[in-house]
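Let's take a friendly walk through the side-chain contacts of a protein model. Have the sequence and the 3D view ready, and look up each residue as we go.

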2 protein chains.
Amino acid sequence: MPVNYTTPSVTQLLPVDGLRLGITEAGIRKAQRRDLTLIELAPGSQVAGVFTQNRFCAAPVQVCKQHLAGAETAIRALVINTGNANAGTGAAGLAAAQASCQAVAALLGCEATQVLPFSTGVIMEALPVDRLIAGLPRCQAALDGSAQAWHDAAHAIMTTDTVAKAASRQIDIAGSTIHITGISKGAGMIKPNMATMLGFLATDAAIAQPLLEQLVKEVADASFNCITVDGDTSTNDSFVLIATGAAGNAVISSPDQAAYTTLRDALKAVATELAQAIVRDGEGATKFIEIQVDHGRDVAECKAVGYAIAHSPLVKTAFFASDPNLGRLQAAIGNAAQNHAALSDLDVSQVRLWLGQTLVAEHGGPAASYQEADGAREMAAAEIKIRVDLARGQASATTWTCDLSYDYVKINADYRS
Amino acid sequence: MPVNYTTPSVTQLLPVDGLRLGITEAGIRKAQRRDLTLIELAPGSQVAGVFTQNRFCAAPVQVCKQHLAGAETAIRALVINTGNANAGTGAAGLAAAQASCQAVAALLGCEATQVLPFSTGVIMEALPVDRLIAGLPRCQAALDGSAQAWHDAAHAIMTTDTVAKAASRQIDIAGSTIHITGISKGAGMIKPNMATMLGFLATDAAIAQPLLEQLVKEVADASFNCITVDGDTSTNDSFVLIATGAAGNAVISSPDQAAYTTLRDALKAVATELAQAIVRDGEGATKFIEIQVDHGRDVAECKAVGYAIAHSPLVKTAFFASDPNLGRLQAAIGNAAQNHAALSDLDVSQVRLWLGQTLVAEHGGPAASYQEADGAREMAAAEIKIRVDLARGQASATTWTCDLSYDYVKINADYRS
């Protein structure tokens with residue numbers, strides 16, 4: 001059960017002009033499971049993406065990077081399978097990803113380099129590419145730009161997710177109505193470093209390609225790059241931003257335009273909703289935790305402190321138990337220097353720590369005003385906010401994570417069986 | 001239940017001449033629990049220690065560092081309590097640690113600066129120093145150099161440990177019989193960075209103080225600094241090496257002497273046994289896992305890969321499930337660069353991975369000869385050896401860890417209650 005999240009209904013999602021989706025059951029891993037999604041983009045659409053930093057990056061990620069680097073080749077389609085990640089599959093995996101692009105290209109009448117492939121599921125098993133290719137004509141026949149198609153696609157990209165994740169916004173830019181809709185998936189192997197395992201965000205706004213590439217990074221950094229479930233960055237993380245241009249607004253060409261800010265903020269809102277939904281649906285999650293780190297020297301050290309807290313199994317199990325075991329939080333803060341050397345001169349006597357509105361620690365010890373009953377009340381909530389003041393600069397960063405429960409172990413001990 | 005480890009019997013432990021131990025029930029946290037240990041050293045004993053790198057280091061660690069830095073002051077006693085870590089306790093905690101040293105000094109007729117304090121247990125709660133001090137005369141009355149006293153002390157320093165940890169060796173140096181006995185504790189918040197939460201190793205060998213200080217680092221690096229349970233470096237990690245000199249051997253004064261090598265190797269053997277015992281008794285552990293990383297450019301990058309594997313919750317739960325989910329191992333290796341930038345040019349197509357004697361992955365994918373049945377057989381064992389060949393240098397490093405089970409969550413969700 002995700003923490004305070006349910007999939008939006010079809011009526012809450014918005015079609016994006018210039019984009020159609022087709023879903024089918026290809027039998028990639030299990031029968032009678034929608035597991036293959038084709039997204040077709042109208043001519044003139046622009047695409048930018050960010051991808052995992054894992055050195056074992058998956059075959060489809062390698063192909064995506066190649067195809068996006070060919071700047072002259074407009075992307076016309078995305079093909080997404082669940083059930084198999086096509087990662088850790090060597091040369092055969094690369095050939096399979098390329099074959100899936102060729103099959104899409106043949107159906108749609110474009111070049112293979114105009115297709116981006118995405119895979120999610122079990123790692124280090126061969127992708128059954130024949131079944132994938134056999135399913136593509138059914139995807140093509142089903143192509144549809146409706147909110148229902150988006151809703152179906154959100155379901156068709158799930159793996160250990162317990163709910164589908166989708167979000168929409170509508171904004172107005174100089175009289176043009178702009179639609180934004182995104183879908184994402186992920187529940188484990190979640191500590192995106194650039195982007196999370198499969199986030200797709202589309203708008204019908206028109207925007208210059210260089211700005212779209214700036215935008216995808218800004219949006220990822222404010223959303224998917226702020227979440228972690230287990231600290232394990234996936235081999236397949238991919239976040240893609242699509243702008244079809246079909247809304248007919250004057251092309252946004254400068255970050256100084258008000259239209260850029262309006263579009264960026266709306267995209268960030270949708271991406272943040274999708275990213276938080278991944279944490280709320282984190283494997284075994286019973287709590288949603290926001291960690292705000294303030295007054296660091298730079299964002300990197302604030303994030304290092306946030307991740308040190310978010311990745312500590314002792315902190316995460318204390319959240320699961322609703323136990324205000326504040327020493328574990330302090331110990332985690334004190335450990336952040338191990339992965340971020342600039343923190344090795346952190347003066348812990350200056351650090352202050354809040355649970356919700358309650359100041360719990362300062363001067364290297366418990367706050368004088370702190371009562372354990374207050375800590376227990378804050379920890380009992382389904383949503384918990386931690387604030388850390390490092391007292392040595394002006395930077396801040398926020399991290400979202402979840403707790404570590406019995407079900408986390410159960411899900412991951414059973415995943416392949 | 002620890003993995004293939006039981007506490008040695010009293011007859012397997014050796015007294016160390018020049019050292020006596022006294023244990024009592026001081027009621028630090030729970031009644032009827034041996035929780036206070038006093039160790040008295042004969043005049044002329046030498047002591048060296050290494051301590052946690054956690055920025056929130058505990059009050060007793062701060063006091064130990066001060067007292068050891070006073071090079072002219074010979075250490076005469078150690079006082080160790082369990083039940084309370086006296087960490088995250090600010091100025092009051094520091095005063096409590098100093099008060100415990102003063103009380104020991106008054107009893108033994110030495111200076112407070114000749115006493116080293118150690119605490120383990122819950123963090124960020126006030127140390128009940130009055131109860132500690134009230135127990136000291138009973139410890140003094142019980143002082144005893146026997147193997148039984150060592151055995152008792154190994155029990156009296158436990159927290160969430162399920163077994164006491166102790167080990168002995170006897171060696172001969174130029175006709176003098178040398179005894180080495182050590183005790184350790186720890187089951188969670190274990191990822192020592194310099195030393196683990198409470199390891200005490202004593203010998204009656206005579207050795208020059210500068211060499212002892214070199215030796216404590218060498219021994220820690222080869223033993224306690226190679227283990228991790230949960231990646232959470234404690235606030236209280238302390239590893240202390242005591243040389244009483246009572247064996248009467250000619251003082252070892254140079255690392256080039258054969259006697260130095262003989263002593264070092266025996267100390268490493270005892271320390272490694274104690275360090276591995278901590279992993280075997282890791283919270284909820286059902287598997288003992290050795291990760292050997294070869295052919296890295298330097299030890300640091302080999303250790304970074306080892307810890308990336310050892311800290312991945314997905315890898316640890318796969319071990320618990322005996323699931324040869326090799327993709328999780330690859331993903332963890334691919335992530336090591338996040339905490340060790342020098343690995344960002346790791347060529348994963350050159351990396352080879354073994355489970356036990358079985359080559360499971362190479363060329364970025366499964367090995368051609370790999371059969372899942374072989375992987376399943378290796379994973380089913382209680383002791384599992386992983387070997388990673390990075391194929392880019394001559395350095396190696398070994399890391400020892402355990403799996404992540406339901407019981408890990410249970411222990412840590414229940415710890416304070």
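Which side chains meet in a salt bridge with an N to O distance of 2.4 Å? They belong to Glu383(B) and Arg280(B). Please keep in mind that this is a predicted model.

The pair joins distant parts of chain B: Glu383(B) sits in strand E14 (residues 383–389) and Arg280(B) in helix H6 (residues 258–280), 103 residues apart. Glu383(B) is partly exposed, with a relative accessibility of 34%, whereas Arg280(B) is buried at 11%. Arg280(B) has another contact to look for: it lies over the face of Phe288(B), 3.9 Å from the ring centre. A contact of this kind also involves Arg387(B), whose charged end sits over the ring of Trp354(B), 4.0 Å from the centre.

**Salt bridges**

Over all chains, the structure holds 34 salt bridges. Here are three of them, with the distance between N and O atoms.

| Asp281(A) | Lys165(A) | 2.6 Å |

Look at the bridge between Asp281(A) and Lys165(A). Asp281(A) is in the loop between helix H6 (258–280) and strand E10 (288–296) of chain A, while Lys165(A) is in strand E6 (residues 165–173) of chain A, so the bridge ties together parts 116 residues apart in sequence. Asp281(A) counts as buried at 3% relative accessibility, and Lys165(A) counts as buried at 0%.

Glu218(A) is partly exposed, at 23% relative accessibility.

**Aromatic pairs**

How many aromatic pairs does the structure hold over all chains? There are 6. Phe320(A) lies in helix H8 (residues 313–320) and Tyr406(A) in helix H11 (residues 406–414) of chain A, 86 residues apart. Phe320(A) is partly exposed at 22% relative accessibility, and Tyr406(A) is partly exposed at 29%.

In chain B, the ring centres of Phe118(B) and Phe200(B) are 4.9 Å apart and the planes are at 90°, so this pair is edge-to-face. Phe118(B) is buried, with a relative accessible area of 2%, and Phe200(B) is buried at 1% relative accessibility.

Technical notes: Residues numbered from 1 in each chain as written. Chains lettered and ligands numbered in written order. Predicted model: local features only at pLDDT ≥ 70, side-chain atom pairs only at ≥ 80, totals over all residues. Heavy atoms only, no water. Salt bridge = Lys/Arg side-chain N within 4 Å of Asp/Glu carboxyl O. Helix = DSSP H or I, 4+ residues; strand = E, 2+ residues; numbered from the N terminus. Buried < 20%, exposed > 50% of the residue type's maximum accessible area, 1.4 Å probe, protein only. Phe/Tyr/Trp six-rings, centres within 6.5 Å; stacked < 30°, edge-to-face > 60°. Lys NZ or Arg CZ within 6 Å of the ring centre and 35° of its normal.
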